Amino acid sequence: MKVLSKCLNIGCGLKFNIEWENIDLYPTSKYVKKVDFIKGLPYSENIFEFVYSSHVLEHIDYEHMKFVLSEMLRVLEPNGIVRIVVPDLEN
């Protein structure tokens, strides 16, 4: 899969940036690619400078979590940044 952006938004839903690589199981726009990331990310290793996921990981069952996190790191460039947003357990 050819990648134009160095930023990946995993499970973007309705919130995406057209300058990023946006993926979701249920794409809502032509700027979002259909990817079931539970099965892996369809990208080469070390391709993204930034990987972002907001309010997605809490929907993944525990048995798949380690694989999904390892896939995020696999596609991340050395010294890249992963930003993960999940709900606040206190709330």
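A salt bridge is taken here as a side-chain nitrogen of Lys or Arg within 4 Å of a carboxyl oxygen of Asp or Glu. The model is predicted: local features require pLDDT of at least 70 and side-chain atom pairs pLDDT 80 or more, whereas totals for chains, interfaces and linings use all residues. Residues are numbered from 1 along each chain as its sequence is written, and side-chain values use heavy atoms, with hydrogens and water left out.

**View 1. The salt bridge between lysine 6 and glutamate 77.** A search of the whole structure finds four salt bridges. In one of them, the side chains of lysine 6 and glutamate 77 meet at 2.3 Å, N to O. Lysine 6 lies in the segment before β1 and glutamate 77 in strand β5, so the pair ties together parts that are 71 residues apart in sequence. Strands (E, at least two residues) and helices (H or I, at least four) are DSSP runs, numbered from the N terminus. Lysine 6 has a relative accessibility of 35% and counts as partly exposed; this class lies between buried, under 20% relative accessible area, and exposed, over 50% (1.4 Å probe, protein chains only).

View 2. Five strands form an open sheet in the order β3-β2-β1-β4-β5, with parallel pairing; two strands pair if DSSP finds at least two bridges between them. Strands β3 (32-34) and β5 (76-85) stand at the edges with a single partner strand each, so one side of each has no neighbour in the sheet. From one strand to the next, the twist averages 25 degrees. Angles run from 0 to 180 degrees between N-to-C directions, and axes are lines fitted to C-alpha atoms, for helices over the stretch in contact.

View 3. Strand β1 (residues 7-10) pairs with β2 over three bridges and with β4 over four bridges, while β4 and β5 are joined by six. Across these pairs, isoleucine 10 stands opposite isoleucine 23 in β2. Helix α1 (residues 62-75) packs on the sheet and touches β1, β4 (48-54) and β5, its direction making about 140 degrees with that of β5. Leucine 8 stands opposite valine 51 in β4, and tyrosine 52 opposite arginine 83 in β5.

**View 4. Aspartate 24, a buried residue without a salt bridge.** Aspartate 24 is found in strand β2 (residues 21-24). Aspartate 24 is buried, and the nearest side chain of opposite charge, lysine 34, is 8.0 Å away; Lys and Arg count as positive and Asp and Glu as negative, with His and the chain ends not counted. The aspartate 24 side chain reaches the backbone nitrogen of tyrosine 26 at 2.9 Å. Beyond neighbours within four places in sequence, aspartate 24 is in contact (heavy atoms within 4.5 Å) with residues including Gly11, Cys12, Val32 and Lys34.

**View 5. The salt bridge between glutamate 21 and lysine 33.** The closest N and O atoms of glutamate 21 and lysine 33 are 2.8 Å apart in this salt bridge. Glutamate 21 belongs to strand β2 and lysine 33 to strand β3, so the pair ties together parts 12 residues apart in sequence. Glutamate 21 is buried at 5% relative accessible area, whereas lysine 33 is partly exposed at 31%.

**View 6. The salt bridge between arginine 74 and glutamate 71.** Arginine 74 and glutamate 71 form a salt bridge with their closest N and O atoms 2.8 Å apart. The two residues, arginine 74 and glutamate 71, are three residues apart in helix α1, a separation of about one helical turn. Arginine 74 is partly exposed at 22% relative accessibility, and glutamate 71 is buried at 9% relative accessible area.

Note on methods:
Polar contact = N/O pair within 3.5 Å; in protein donor to acceptor, adjacent residues only side chain to side chain.
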